[in-house]
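User: I am new to this structure. Please take me through it in short questions and answers.

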Amino acid sequence: MHDTSDSLLDGTPYATYVYSYPHKTAYRTLDPAPSLRALWAKERLDALFLYLHVPFCEMRCGFCNLFTTVHPGQDIVEDYLGALERQAVQVRGALGDEARFAQLAVGGGTPTYLDPGQLQRLFAIIKGTMGAATAHIPVSVETSPQTATADRLAVLQEHGVDRVSIGVQSFLDDEVNAINRRQQVREVEAALGRIRAARISTLNLDLMYGLPGQSAQSWQRSLEIAMGWDAEEIYLYPLYVRPLTRMGVSDAQWDDERLALYRQGRDVLLEAGYRQVSMRMFQKPGGGQEASALYRCQEDGMVGLGCGARSYTRQVHYSSAYAVGPKHVKGIIRSFIAQSDEDFARAQYGVMLDREDQLRRYTILSLLSEQGLNRAHYTERFGTDPLADLPRLAHLQERGLATLDGQVLSLTAKGMERSDAIGPWLFSTRVQALMEAYDAQ
Ligand SMILES: C[S@@+](CC[C@H](N)C(=O)[O-])C[C@H]1O[C@@H](n2cnc3c(N)ncnc32)[C@H](O)[C@@H]1O
Ligand code: SF4
C-alpha cells in the first residue's frame, strides 16, 4: 500500500491525509509503559499545545472515520468528564510547575455535544487543573450546526474562545444527505448566525468536495455562500470515504473529479483574497485566528487529554490505549473511563521516534504548509542538511512539485495539490512497515 518508490508521486493525489507523523496506525502497546514524568522531563515546556478530545456526536455521518460515538447516554458523558479530570490531575503533575500552554484546541467528535454545564466543567479542567490561561492564548473549539446553540456559544465566549470551527460540508441539502449527514441548510445558516452573534473572532467552515451529485456549479454555490458569511477561515476537504453511490465510478475518474473541484475551490478563494496555508486550509488576510506567537507545530510538544487524544514529545508520541477503527468505540470509551490514576500517569500506547523519524516529521510538517522547509532552521535543529539527509527531496524539484528559493524549499501549486501523496512518500521504511502490519490485521 505505501510504496517507497516515486510511483507514489505519480499515483492518486489522495493517498493519505497526513496531519501528523507518524500515523496513528504506527502506534503499538508500549511495554514497559514509560511514566509521563520521565517522558516530559527532558522537554521544553514553555510553549505547549493542549488538545482535548470529546468523542461524542449527535449524528453519525456516513463518511466520517474520526474517533467518536453517536448519542452516548448522559451517564457516559458525565463519567467521561470525571475520567478527564482524573487524567488532567496526573498529566499536570507529570509536567510539573514549569509547564505553560501557548495554544488550546478542543476537538472531536463534536465538543458542543456537551451541554452548557458540562462545557463549564470542561473549562474548569482546562483552566483550573491544567492551568491554561484561555483568555490570553489562541483557543479553538469544533462545533456542528445543531449543537452550536446560543447558550453553549456563550460559555465558549466567556472562556476566551477565539475560533469556532463548524462542519458544513455543503450548502446543498441533497449533497449532505447523499453522504448520510442529517443536516439542513436552514439549520446551518441559523447556526452561522448564532456564531456571528456570539462575536467569536474567527469562524472556520469545513467544506467537502467529491460528493455524490456535486458539480462545478453546486460547488461554486457552496463556496460563495461560505464566503458570504465572511468566514475568516475555510477548510476544503476532499472526500476520502467513497460513498456507495459512487461505486460505479473508477478510481481515476473520481481522482480527476476531486482534483478539478480542488482547483476550482482554490482559485475561487485565492481570487477572493484568501491565502492558501496548506492543501486544505485557506485564511482571510487580517482574519483567521492568530497562530500562537510561541507555539511551532514542528518543534513544540503537544499534550493530549481524552480518549484517543495524542501527545507528542520529541522522542515519543503516545495516546491512551485505543483502537483506531470506528468499531467498538463505546467499549473503548468505557475502558478509558475505567482507567486508574496510575494508568493515566503512564504512556501506554504509542511510537518511538528515532532521529530519522524526527527529521522526517519536521520535513513533512514544514513542507506541506505554505511556510515550506527552511534549510537553515532544519540545520539548527538537526546539525545536518535536509537535502543530504533526504536526497529524494531533489525529485520534487525535478518534477516541478517544489522549488528552492534561497534557504526555503516550498511546494509549487502542482506540489500543494499532491500533498496527500507527497506526505506518505516521505514516510520512513520503519513507519510504513508498522502501518502495513496494522492494516493487515
Ligand atoms: C470533527 S468534524 C467537524 C465538527 C463537527 N463534528 C461537524 O461535523 O460539524 C471534522 C471535519 O473533518 C472532515 N471529514 C471527516 N471525515 C472525512 C472524510 N472521510 N473525508 C473528508 N473529510 C472528512 C469534515 O469536513 C468534518 O467537518
Ligand atoms: S463529521 Fe462531525 S458530526 Fe459527523 S460523525 Fe464526524 S465528527 Fe461527528
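User: What share of the contacts with a separation of 6 or more comes from residues 24 or more positions apart?
Analyst: This is a predicted model. Take the contacts in the chain with a separation of 6 or more. Residues 24 or more positions apart account for 80%.

User: How many helices and strands are in the chain, and how compact is it?
Analyst: The chain has 18 helices and 18 strands. The globule rule gives 22 Å for 441 residues, and the chain is close to that, so it is as compact as a globular protein of that length. Its C-alpha trace spans about 55 × 50 × 45 Å along the principal axes. The radius of gyration is 21 Å.

User: What percentage of the 441 residues of the chain count as buried?
Analyst: A residue is buried if 20 or more other C-beta atoms lie within 10 Å of its own. Of the 441 residues, those that count as buried make up 44%.

User: Which strand gives the most to the shell around ligand 1?
Analyst: The ligand is surrounded by 19 residues, and the closest are Ser144, Gly167, Asp206, Tyr237 and Tyr240. By class, the shell around ligand 1 has 10 nonpolar, seven polar and two charged residues. Strands S5 (101-108), S7 (163-169) and S8 (202-209) each supply at least two of the shell residues. With three residues, the strand that gives the most is S7.

User: How many charged residues are in the shell around ligand 2?
Analyst: The residues around ligand 2 include Cys57, Cys61, Cys64, Ser144 and Gly167. Arg60 is also one of the residues around ligand 2. The shell divides into five nonpolar residues, six polar and, as for charged residues, one.

User: Why do the buried residues of helix H10 line one face?
Analyst: Helix H10 covers residues 329-338, and Val329, Ile332, Ile333 and Phe336 are buried there. Seen down the axis of H10, these buried residues line one face because they fall within an arc of 100°.

User: Which residue stands opposite Val139 in S6?
Analyst: Strand S6 (residues 139-143) has five of its five residues buried. Val139, Val141 and Thr143 point one way, while Ser140 and Glu142 point the other way. S6 pairs with S5 in the parallel sense, over three bridges. Opposite Val139 stands Leu104.

User: What are the edge strands of the open sheet of three strands?
Analyst: The strand order is S16-S18-S17, with antiparallel pairing. Four bridges join S17 to S18. In that pair, Asp405 stands opposite Val408. Each edge strand pairs on one side only; they are S16 (373-374) and S17 (402-405).

User: Is Ser410 exposed, partly exposed or buried?
Analyst: Ser410 is found in strand S18 (residues 408-411). Leaving aside neighbours within four places in sequence, Ser410 is in contact with Gly372, Ala402, Thr403 and Asp405. Burial needs 20 or more other C-beta atoms within 10 Å. Ser410 has 19 of them, so the residue is partly exposed.

User: How far apart in space are Ser410 and Asn374?
Analyst: In sequence, Ser410 and Asn374 are 36 residues apart. In space, C-alpha to C-alpha, the separation is 8.6 Å.

User: Where is the cis peptide bond with omega of about 20°?
Analyst: One cis bond runs from Asp31 to Pro32, but its omega is near 0°. Pro32 has its place in the loop between strand S1 (28-29) and helix H2 (36-41). Gly109 lies in the loop between S5 and helix H4 (116-129). The cis bond with omega of about 20° joins Gly108 and Gly109.

Conventions. Residues numbered from 1 in each chain as written. Chains lettered and ligands numbered in written order. Predicted model: local features only at pLDDT ≥ 70, side-chain atom pairs only at ≥ 80, totals over all residues. Near = placed C-beta within 6 Å. Nonpolar A, V, L, I, M, F, W, Y, C, P; charged D, E, K, R; others polar. Rg over C-alpha atoms; globule rule 2.2 N^0.38 Å. Buried ≥ 20, exposed ≤ 12 C-beta atoms within 10 Å, placed from the backbone. Contact = placed C-beta atoms within 7 Å. Arc of directions from axis to C-beta. Pairing = 2+ DSSP bridges.
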